[in-house]
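Please read the points below with the structure in view.

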Amino acid sequence: AGVGPDFLCARYGSAQGQSFPADSPPLVVRRADGTVRRVFVPAHAEDNPGLDWEQYNRSLEELSPVQLRQFKNGEWVQDNAGLVYDTADQAVFVDVLPAGHRWEFILCFDIGATNNVAIAIVAVARDLPEVYVLSVTEPEGLNNPVDFGRHLAQLNKLYHFSRICGDHGGLGKGYLDEFRKYFAIPAETVQKTDKRGYIKLFNGAVATGMVRFVRSGCAPWIDQAGKLLWKNELRLEELKGMRNHSCDAVLYCWREARH
């Protein structure tokens, strides 16, 4: 689950969905000089002589189709059932914004406790119902309010945002106060209530094409949305430790698109 399949495929040079039937040879990864670096030896349930086969097969019947492939066939394949953004694979991508419309731009940012920053920009037009995610970035080097404020000020000169909203995360409300004081940036605090409910609404909007993505500008969201998992089956909170700043910034932007 999670990033596991990607990690294993990269580590052992296999393809997503590769299975290891009985008598499969080991995977051998070698260094440039031909010496062995690491070896993966496939193992199967049949290799366990003490296994209660009848009970084991009954337990497998309770699994999802993807989990069944993982446990029974040993396939290294991503299980998307626990993804927070489970409609990401249905997202509609465009190369550019549609021509002939007057666009307004909204910026939202998410700041982590360790100065991880994500900035999302969406475009909306009064005569179109869709929201277009124009850009998602996680710039480096914005380690204090002054540097970040200058960066936002430059973006504001380019886009003339109708709204700028942010989540200061664990760094405190002083971040927003600095923007307002020194850069005249009217940054508001994002709406974070009922995040789970809005994620569900956002997923529906993605699936129906009411949220669309400019392909060249959204790589961080594409990467994170394809990996971010719920903590458990209750789907009340995300799995801790997984990157989610870009996903949060896009969600905040979509909530602020009130056209």
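Which residues does Asn244 touch, not counting residues up to four places away in sequence?

1. The model is predicted: local features need pLDDT of at least 70, side-chain atom pairs count only at pLDDT 80 or more, and totals for chains, interfaces and linings use all residues. Residues are numbered from 1 along each chain as its sequence is written, and side-chain values use heavy atoms, with hydrogens and water left out.

2. Asn244 touches Lys195, Gln224, Leu228 and Glu238, residues up to four places away in sequence being left out of the count; contact means heavy atoms within 4.5 Å. With the side chain of Glu238, the side chain of Asn244 forms a polar contact of 2.7 Å. A polar contact is a pair of N or O atoms within 3.5 Å; within protein, one must be able to donate a hydrogen and the other to accept it, and residues adjacent in sequence count only if both atoms are side-chain atoms.

3. The loop between α7 (219-225) and α8 (245-256) holds Asn244. Helices (H or I, at least four residues) and strands (E, at least two) are DSSP runs, numbered from the N terminus. Asn244 counts as buried because its relative accessibility is 15%; buried means under 20% relative accessible area, exposed over 50%, and partly exposed in between (1.4 Å probe, protein chains only).

4. His160 is not a glycine, yet its phi is positive, at about 50°. His160 is found in the loop between α4 (145-159) and β7 (163-167), and it counts as exposed because its relative accessibility is 60%.

5. Asp194, a residue other than glycine, has a positive phi near 50°. Its place is the loop between β8 (187-189) and α6 (195-207). With 53% relative accessibility, Asp194 counts as exposed.
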